[in-house]
Amino acid sequence: METMINEEVVSECEPVEIKRILTRRSSSRHQLSETGLGPQITPEKRKKERSSKNAMKSDDQNLESSGSPRNQKITARWDPSEACRPDVEEAPVFYPTVEEFEDTIGYLSKIQPMAESYGICRIVPPASWKPPCPLTEKTFWQEAKISTRIQQVDLLQNREPMKKRRGRKRKRTSTKTAARRMNTESNASSDKDDKFGFRSGSDFTFEEFQEFANKFKDHYFGLCDENPWLGPTIDEIEGEYWRIIEQPTDEVEVYYGADLETGVFASGFPKTVSVEDNEFNKYVKSGWNLNNFPRLPGSVLSFEASDISGVLVPWLYVGMCFSSFCWHVEDHHLYSVNYMHWGEPKIWYGIPGSHAGALERAMKKHLPDLFKEQPDLLHQLVTQLSPAVLKSEGLPVYRASQHSGEFIITFPRAYHAGFNCGFNCAEAVNVAPVDWLQHGQVAVKLYSQQRRKTSISHDKLLLASAREAIMALRELSVSNNQNPERLRWKRVCGKDGVLTNAVKARVEMELKRVEDLEPGFEFQKMEKDFDATNEKECFICFFDLHMSAASCKCNHDRFSCLEHVNRLCSCDSDKLLVHLRYTFDELNMMVDALEGKPDAIGKRASRHLELVEEKKSVIDEKKQGCGLSRDPKEEPADPVDLNVNVEVLDIGSVALGKLWCNKQAIFLKGYRSRVKYYSYLNPLVMSSYISEIHDGGLIGPLFKVFLEESPDVSFMDVSAEKCWKLVLDKVNQEIANQALKPIDSVNGLEMFGLSSIPVIQAIEALDEEHRCMEYWSTKSDADDRE
């Protein structure tokens, strides 16, 4: 066994100075005291430890292979006298009423002025809000596997750079490290030898992980002794956690099931509508269901077509005692929302976004060797620093204790960290109210300076928000219909509106970049589909090029931002092109419109409507070629000659969002068709059925079918297949009553007309920019195979 030398003996917690303690890390505390390297342990306490260790022997034999926490004897033990619980203030807690809770983004905007200065806050929903959790169903609980990572808790703050540690080995051998995503409440691992990270751990079912987590906690806190007790309080666990971080005397390694993609694994919120259970459907449609939160009206992420995992698609977190999420900010400084489905508390610490730079400087000051070796250490999410140290540097630090059924909100650029008090399960996602736009622009600048890739196009969200707001202002000026959505946009406009200021700042930044260009460049209007199918970025700094870009005639595949145009190539400036999405007259008119100037509103809205009409005329030409359009004054045309005689009555319009398309079809909002099929009233008669696609709001498209002669009775579902299956069941029910042969099956897409070649061509013409990505990616793959 290798012995490490104690560089500094510490018997009690120091609130400011970080103590680097290198001890005989595999030994227990009573062994340390016997060699004079730790606090004294009384004979009674020593007897108690020996008793509990004997009790653990049989349990330890059932734990995994050597080198992982699942196989290790838990020799580290808790001593309340060594507690290092930080003295920090509590973050605010909000208790929305039932009425307030119904307006998700509205409530977030309401508390933002009160809570943002804390960095984090806790929201306790009304007592009536109790969503069911599909993860707790027996088959899922016992069969679904959770992938985990091993966290070395005692090394999160007090560790040497990896280069210094190469000559030394921890008692336990490391398993193969694996790269993990580094987002939200997560911690990264690295496959490089010169970086500290978290190793891949075991796969567990929920049932297995609960058993392991409970056993670890019982052993660590002495709950397996001869006189078991109720267990430590949250404050006592918190004190022990920071004792491990600040004054480690033993190896403490735990598992964490973090960053589980709900799009692949599962969400803890219900996602499928039940035909029979309206109470269940309430939670499927709720804005507080994290599958809906990012794209709620009022969140600019609703303009993002891609389902970005961990940003727009929630991630799941399954924790145990001491499993940690280290200091970090959200991607693009977005808001984050975390909900705890069940289990023991999660302790959070937050620092307001206004002090983000100060935290970064404090981390570098107190951990200089780690940052010298790994300058992007804060992006790796593997390092803690005690709140006591941060407070000593003048930083405001706030605590929040999240319990089952509660939400934690983190605000833009607010650093946050924390740990779990025991077995629990939480889910997290990002959201972007309009006030985020100013923070997102700061993030884009920092990313460019750090040569860091972006995950969303900030300019695309900004300009889409401006267009939507201007159209809302126009509608309000010509109509008395002051619906909540239009009023929401009006509130962020005006001369001092947050949206107006965000657009104005971006326009000023763009103008400055153009003015700084050397003379001789050729300017041209950006093609409409410049970044429609793949977002372009600067080859130097990865700056998003949605608003402007530079290229050279010598290489049409390389682009740069306007700051790095001189590094594109060695060609003369007369060969360089600057692509602009908008002229500066157009951008200034956009600002004037947002400020509320009537002429500008009319011109910008009219220009937007002109573009829409141009697109419609192109679509109508394509529809005419497919036999899908007719003059409304004319007599109804004969049905299109399809296998099931489908007549398209209204083609509808493209709606964004994952649910509005799949690999087989794009589902258009407002689409209507007519088809002949067996009547469920009398299956001996062929009758006309009307098929429609409605906007179901948070649940996406809602498919509806009804007999044209009997419109009061309809069949509805979130799937075209299931919708027509309901019709078939009704038809077969009447067939059985008449002792006729039942019909085996029906193709829902075909009955809607969505598998017809002419209809497909007309629908594809509506989505020229290929925004329905799942559909087009599948089609592209099929074309490649051909």
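A: The structure holds 0 disulfides, where a disulfide is a pair of cysteine sulfur atoms within 2.5 Å. Keep in mind that this is a predicted model, in which local features need pLDDT of at least 70 and side-chain atom pairs count only at pLDDT 80 or more, while totals for chains, interfaces and linings use all residues. Residues are numbered from 1 along each chain as its sequence is written, and side-chain values use heavy atoms, leaving out hydrogens and water.

Let's begin with Cys561. The closest cysteine sulfur to that of Cys561 belongs to Cys541, 3.8 Å away, which is too far for a bond. Cys561 counts as buried because its relative accessibility is 1%; buried means under 20% relative accessible area, exposed over 50%, and partly exposed in between (1.4 Å probe, protein chains only). Cys326 is buried too, at 0%.

Now for the cores, which are sets of buried Ala, Val, Leu, Ile, Met, Phe, Trp, Tyr and Cys residues joined through side-chain atoms within 4.5 Å. The largest has 73 residues, and the members touching the most others are Phe293, Phe407, Trp436, Leu499, Val503 and Leu594. Its top contributor is helix H15 (residues 458-478), with 9 residues; helices are DSSP runs of H or I with at least four residues, numbered from the N terminus.

Key. Helices (H or I, at least four residues) and strands (E, at least two) are DSSP runs, numbered from the N terminus.
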